[in-house]
Amino acid sequence: MPCTSSYRPDPAILELGGAFYDPVQPADFPQAITRFRNDRWASEVGLADLSPEEWTRHFGRFEPLPDNLPQPLALRYHGHQFRVYNPQIGDGRGFLFAQVRDGADRLLDLGTKGSGQTPYSRFGDGRLTLKGGVREILATEMLEALGVQTSRTFSLIETASRWSATTSPPRPDRPSSSGCSTVTSGSARSSGSPISKMRTGSRSSPTIACATTIRTWSGAREAVAGCWRR
Amino acid sequence: MTREAARLAASYIAAGFVHGVLNTDNIAITAESFDYGPWRWTPHWDGGFTAAYFDHAGLYAFGRQPEAIHWNLVQLGSCLTLTEDAEALQSALDAYIPAFQEGLRHAICGRLGVVPRGIDPDTALLAAIESGLAKRGVTIDRFFFDWRGGRLRGGASYGDDFAEFRSLVADYQPAGGIDHPYWSDADPCSMHIEEVEAIWSAIDANDDWAPLEAKVAAIRRMGEALKPAE
């Protein structure tokens with residue numbers, strides 16, 4: 001795979017230990033059409049030279065990147081949602097796919113949305129609508145331009161144009177899903193490193209997608225969750 | 001982290017952004033936000049503007065976001081009392097309000113493209129901007145676009161609503177240039193709901209991705225124009 005020297009894998013999350021995540025399988029999508037690829041950030045982390053085929057293999061099928069996480073990890077965490085405490089939120093429709101260092105040596109997470117069910121999906125189908133993926137791109141691009149500290153949308157891949165046996169039937173009151181990856185980035189500090197995310201996504205009624213986000217490292221959040229459980 | 005989170009809250013306000021779901025699990029330990037679902041940009045300076053249709057109480061309305069982010073920090077602080085000194089945590093949290101005020105005047109001066117002059121004059125300028133924008137005669141984006149560098153450009157008239165602002169801003173020096181061609185455009189680059197829906201409709205109805213691609217290019221061009229001077 002044509003990773004450049006600026007591709008610096010660093011799956012640091014593994015050092016935290018298995019209490020902080022659950023290894024999961026990505027959904028088996030009937031198709032993978034790349035709709036957005038963030039070449040600016042791909043270049044920042046040494047992945048801009050991926051061929052279109054390689055891109056869909058890694059961000060649509062989630063085949064591991066070299067020397068990175070051998071399998072996606074659904075992160076375990078707790079928190080408050082609309083001020084109600086939930087001791088077990090966890091990644092319900094996404095996972096941590098890979099961790100990389102950027103030019104400033106920040107540890108970044110490539111995290112997904114719409115990549116399938118996890119132990120934390122509860123009644124959810126693990127999917128993202130294509131519209132949701134498109135909105136993720138628009139929000140993150142605009143925020144970045146306005147100087148807000150935000151995750152960046154790394155990739156959006158349309159994963160199904162309609163529901164099929166492999167995508168599981170839509171729930172009556174639910175939109176179809178899509179996958180998206182986001183990359184967020186952050187810098188290491190005493191309390192933990194920054195976080196980065198990536199997402200991929202697909203067409204709404206009933207189109208689904210998968211997004212990858214790049215964002216600063218989420219490990220610190222997980223460490224706090226572990227502390228709370230003790 | 002308190003200071004960074006306060007800066008995040010300030011940058012949301014200066015951007016006119018409403019995340020919609022500021023649950024504790026949507027902000028990383030690096031104070032980077034992510035997971036953008038029902039977000040919106042508020043066209044006008046309206047503290048009650050709410051993004052998520054299910055947020056009936058307006059918990060995460062435009063003007064309540066600084067409070068919501070602070071509330072999230074308090075939850076993190078209470079987790080940390082398991083291992084850290086509570087008084088030290090409290091004093092860390094106490095830094096939030098001054099850091100937010102500091103962050104807001106810098107973010108607003110940054111978006112306006114003027115050099116900050118100090119707490120008192122900047123606070124007065126901020127109050128004058130808020131009171132003018134709160135009349136809703138002009139959108140947030142249009143105001144900052146027309147007044148880039150602290151001098152009125154274009155043919156819009158800013159009457160009595162902005163009398164106080166006009167008198168105060170005269171004492172400010174421009175920060176960086178307004179040479180970028182973006183500043184000669186007829187209209188600012190915005191991200192209001194009508195445009196978001198139009199971009200999605202083109203994809204949904206005609207598989208036409210050109211409007212999305214054009215918008216991303218326009219946003220990045222604005223980002224170049226907004227970059228602080230070296």
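This is a predicted model: local features need pLDDT of at least 70, side-chain atom pairs count only at pLDDT 80 or more; totals for chains, interfaces and linings use all residues.

Residues are numbered from 1 along each chain as its sequence is written, chains are lettered from A in the order in which they are written, and side-chain values use heavy atoms, with hydrogens and water left out.

**Extent of the interface**
- Chain B contributes 59 residues and chain A 57 residues to the contact, where contact means heavy atoms within 4.5 Å.
- About 4,900 Å² is buried between chain B and chain A, 65% of it on carbon and sulfur atoms; buried area is the accessible area (1.4 Å probe) lost when two parts are put together, summed over both.
- E32(B), W200(B) and R220(B) supply 14% of the area that chain B buries against chain A, more than any other three residues.

**Charged pairs**
- Four salt bridges are counted between chain B and chain A, each being a side-chain nitrogen of Lys or Arg within 4 Å of a carboxyl oxygen of Asp or Glu.
- One of them joins K113(A) to D35(B), with the closest N and O atoms 2.6 Å apart.

**G116(A)**
- G116(A) is buried, with a relative accessible area of 2%, where buried means under 20% (1.4 Å probe, protein chains only).
- Leaving aside residues up to four places away in sequence, G116(A) touches A27(A), G92(A), R93(A), G94(A), G126(A) and R127(A).

Terms used: Buried means under 20% relative accessible area, exposed over 50%, partly exposed in between (1.4 Å probe, protein chains only).
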